[in-house]
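Subject: Structure handover

Hello,

Here is the structure I promised to pass on. Please open it first, then read my notes below.

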Amino acid sequence: MFAPCFRRNPSACIHRYFLALLLSLLLPTIASAMTDKEIVSARVATLTPALKNEHPRLLLRPTDVPGLREFLLKTLPAQTDAAALAKLALPPLDNKPLPVQPVAVANGTQASTLAWHDGYTIANDTGNWAWRYALAWQLTGDERYGREAARWLLHLASWKIDAEVLRTNDELFIQHLRPMIFAYDWAWSALTAEERVTVSKALVARLELLAGHIQPKFSLTQPTPPDNALSHPMRFISTLGLGGLALYHDTPAAPGWVAWSYEYYLREFPVWGGDAGGWSEGLNYWASGMTQHLRFLEAMKLQGFDEVLQRPFFRNTPWFAVYNLMPYPASSFGDLNNITSPTPSTALMIGKFAQWQQDPYLMSFARSLTAKHHMTFGYYDYSAVDTMLDLFRRQQSGLPDADLTQLPQTRYFDDIGWVAMHSRLGSKDNDIMLGFKSSPFGSASHGFADQNSFVINAFGEALAVSSGYREWYDSPHHAGWTRTTAAKNAILINGEGQTTKSAGATGRISRFVQGERFTFTTGDAKQAYAGRATQALRHLFFVDRRYFVMLDEVAAPAEARFEWLLHARDKMTLDAASNGIVVARNNARLEVMLLSPAPGQLTLRQTDASDPPVASGYEKNMPNEWHATAETLTKSKAQDFFSVLYPHRADDASDDAKLRPIKTRSGFGVGVKTRDSDDRVFIAREDDMRIRADGIDVDGLAAAISTHGEETRLTLVANRHIHFGTIEFDSTAPLDIEATVTSTTVNMQFGSPKTAQLTIRQLFKPRTLTGVRKQDWAYDADSQELTIQLTPQTTGLHLTLPKSPNISFEF
């Protein structure tokens with residue numbers, strides 16, 4: 001582009017070139033230095049020419065109406081599984097009595113929480129009747145539906161909604177407002193000019209209150225801290241954006257509301273996660289929050305603005321559900337996730353992401369959650385109206401089924417410090433799932449004091465659960481038990497756990513490695529114990545995607561007793577003679593054995609009591625859970641817990657395992673023998689990185705050696721040296737290796753490949769070696785050493801050997 005310029009005027013061209021270079025360097029700085037007001041003004045300048053002065057505008061455009069009318073009134077009623085849903089499109093014209101405005105009552109006690117709940121339920125129901133009649137007006141043009149929508153809208157507009165209502169019961173405020181906004185937009189053409197003024201005036205007043213409530217809490221140019229008080233205001237941003245979009249041409253403030261909301265989603269959202277798509281408050285708050293956020297963002301997408309949905313968070317967040325939400329009632333982390341079930345609303349949401357991203361894996365997961373359509377009109381989920389719209393759009397773009405087991409079976413959400421491990425992702429009856437958490441978000445908001453804790457769901461059952469309930473927010477049981485480390489599968493020190501309700505009570509995933517058959521991760525929760533721990537490491541090894549081996553390294557500033565905790569839905573079987581714990585639920589089993597400390601050095605006990613207990617009147621829906629504790633008999637400043645957690649089916653003999661400790665001089669070892677395999681698994685202490693036992697030497701963090709008939713499987717984590725049987729490996733850098741060895745082949749895969757020299761001793765010269773260039777390997781016949789130069793691009797090696805080399809893996 002500069003060639004003609006140089007020919008005409010070289011000096012002027014050089015000046016222009018350096019000016020362009022300077023601007024390219026400065027513009028990002030200038031953009032980042034813009035104020036919130038300037039950012040909003042710039043966005044309004046792009047919105048105003050693009051948004052037509054027409055209704056409907058929210059999730060429905062005038063051009064959509066003829067097709068939607070045909071679909072909901074003719075196509076959908078003919079579908080057997082959707083006929084009942086189709087009937088909801090035309091609510092009865094029965095002149096329902098209009099509810100009296102509910103009194104705003106704050107929650108906090110058992111009695112006030114019931115009144116608080118009743119208030120927002122009435123508000124939501126009233127708003128949804130207005131919205132449903134507005135939909136019927138769009139579908140039929142029948143004046144009776146238009147008049148009924150107007151009657152409900154004018155009734156809502158007559159409510160006295162002020163700052164005190166917003167302060168006292170923000171759910172009542174927001175739950176009447178959102179459906180009222182949709183109803184106004186969709187029934188706009190049915191309203192008289194006077195009615196439009198009345199409803200619009202009421203909406204503007206409420207949206208001004210909302211803007212004044214939430215905008216000062218969030219900046220477009222500064223990251224939002226994970227404050228305990230921001231969960232609700234964050235959710236309300238979408239309603240401000242929807243209100244501005246519906247009233248865009250009605251009030252001068254509306255364009256700014258849309259622009260501010262959209263720019264916040266584009267620049268700073270979310271507070272509770274990051275690019276990996278995680279949500280530190282847990283699946284329940286993720287699902288309920290995302291239905292709110294996505295309504296506004298989908299409405300903007302339909303108006304031609306989809307930059308937000310292209311951000312990494314929104315492209316990755318459906319995978320948060322794929323890897324953490326089981327297709328049956330299961331346990332997870334965060335508030336209201338003791339047992340969390342798949343819902344039609346979540347399936348609907350994942351289906352939306354699948355359509356937007358044209359991803360058949362996401363669509364297959366959505367279909368696996370439930371075959372039912374969402375047919376209710378609650379606030380915290382999508383509604384039946386959303387289901388109708390989604391089915392209408394989904395018919396226009398079908399996606400095939402896909403096999404979720406083809407995906408990586410483990411996913412690490414590094415933004416929130418969650419690791420989800422699976423054996424057969426997506427399979428209700430065959431999958432083994434372990435969730436592990438060590439989060440940089442601490443126990444803030446709806447997160448709990450559960451760093452380095454785990455849950456296990458397998459074979460259709462929740463086996464190791466995150467215990468505790470929430471009768472109402474911050475009830476004695478919720479605050480004093482559910483939020484605490486004592487209620488989690490974690491460690492207590494002198495009976496005390498981690499700090500609750502603190503963004504500073506953090507954990508971190510310090511290591512994550514996965515291969516085709518294994519996952520290894522380490523969590524560090526020392527910070528969460530606020531001085532009660534000088535070390536709090538938990539290493540988790542998912543071996544052959546069949547079972548888990550775990551090492552806890554815990555230390556305190558003074559001598560202490562340490563407690564290893566496990567929670568289940570049903571009474572467990574304890575065996576003090578073997579330090580064994582068995583969780584049984586229907587046909588699923590979880591066998592746990594604590595190999596260190598040895599039997600006799602721990603006290604095993606269990607109880608179904610929680611302190612404080614569940615509030616009276618809630619016991620039927622919140623039955624007692626069981627809590628097992630393995631406590632050290634003597635005090636010490638440091639304590640290791642080495643354990644095996646083996647899920648299996650009770651009716652499958654091939655799953656039965658014999659667990660035995662392996663005596664070691666350094667590190668810890670266990671043997672796991674089943675009908676089809678014989679495994680030996682080792683984990684070293686973090687600061688030692690050595691495993692020494694009869695017949696095996698390892699310089700590294702972990703090793704698993706598994707014999708399957710004529711095949712030996714070898715997994716090494718952070719390994720520099722291993723010698724067992726006749727085989728010896730050495731590396732100049734720590735390597736993560738997954739190998740399969742037979743008498744004539746060696747296949748190796750490297751996790752996190754790096755530059756290193758790998759030496760394999762006591763091996764005949766390979767007939768072939770692929771995976772590196774020929775000049776990058778050499779064989780010394782005298783020493784029987786194979787030397788291979790690895791690079792970060794070396795992901796695997798394949799060796800073929802002479803037919804009968806003298807290879808032995810016995811030790």
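Two strands pair if DSSP finds at least two bridges between them. Helices (H or I, at least four residues) and strands (E, at least two) are DSSP runs, numbered from the N terminus.

Two points on the source. This is a predicted model, where local features need pLDDT of at least 70, side-chain atom pairs count only at pLDDT 80 or more, and totals for chains, interfaces and linings use all residues. Residues are numbered from 1 along each chain as its sequence is written, and side-chain values use heavy atoms, with hydrogens and water left out.

**Two hairpins**

Start with strand β12 (residues 573-575). It pairs with strand β13 (residues 580-585) in the antiparallel sense, over three bridges. Asp 575 has Gly 580 of β13 as its bridge partner. Four residues sit between the strands of this hairpin, and Asn 579 takes a positive phi near 55° there.

Now follow β13 onward. Six bridges join β13 to strand β14 (residues 588-596), again in an antiparallel run. Ala 584 stands opposite Arg 589 in β14. The hairpin of β13 and β14 has two residues between the strands. In that turn, Asn 586 has a positive phi of about 55°.

**An open sheet**

In what order do the five strands of the open sheet stand? The order is β1-β2-β3-β4-β5, and the pairing is antiparallel. β1 (410-413) and β5 (461-464) are at the edges with a single partner strand each, so one side of each has no neighbour in the sheet. From one strand to the next, the twist averages 15°.

Strand β2 (residues 418-422) pairs with strand β3 (residues 432-437) over five bridges, in the antiparallel sense. Trp 418 has Lys 437 in β3 as its bridge partner.

Helix α14 (residues 312-324) lies across β1, β2 and β3. It runs at about 130° to β1. Axes are lines fitted to C-alpha atoms, for helices over the stretch in contact, and angles run from 0 to 180 degrees between N-to-C directions.

**Asp 335**

Find Asp 335 in the loop between α14 and α15 (344-357). Is Asp 335 buried or exposed? Its relative accessibility is 0%, so Asp 335 counts as buried. (Buried means under 20% relative accessible area, exposed over 50%, partly exposed in between, with a 1.4 Å probe and protein chains only.)

Another, of 3.0 Å, joins the side chains of Asp 335 and His 478.

Contact alone means heavy atoms within 4.5 Å. Leaving aside neighbours within four places in sequence, Asp 335 is in contact with residues including Glu 281, Tyr 285 and Phe 448.

**Two packed helices**

α15 and helix α17 (residues 384-394) pack at an angle of about 30°, with their axes 11 Å apart. That makes α15 roughly parallel to α17. (Angles under 35 degrees count as roughly parallel, over 145 as roughly antiparallel, 65 to 115 as roughly perpendicular and the rest as oblique.) Among the residues in contact are Ala 347 and Gly 351 of α15, and Asp 386 and Arg 393 of α17.

Best wishes

Methods. A polar contact is a pair of N or O atoms within 3.5 Å; within protein, one must be able to donate a hydrogen and the other to accept it, and residues adjacent in sequence count only if both atoms are side-chain atoms.
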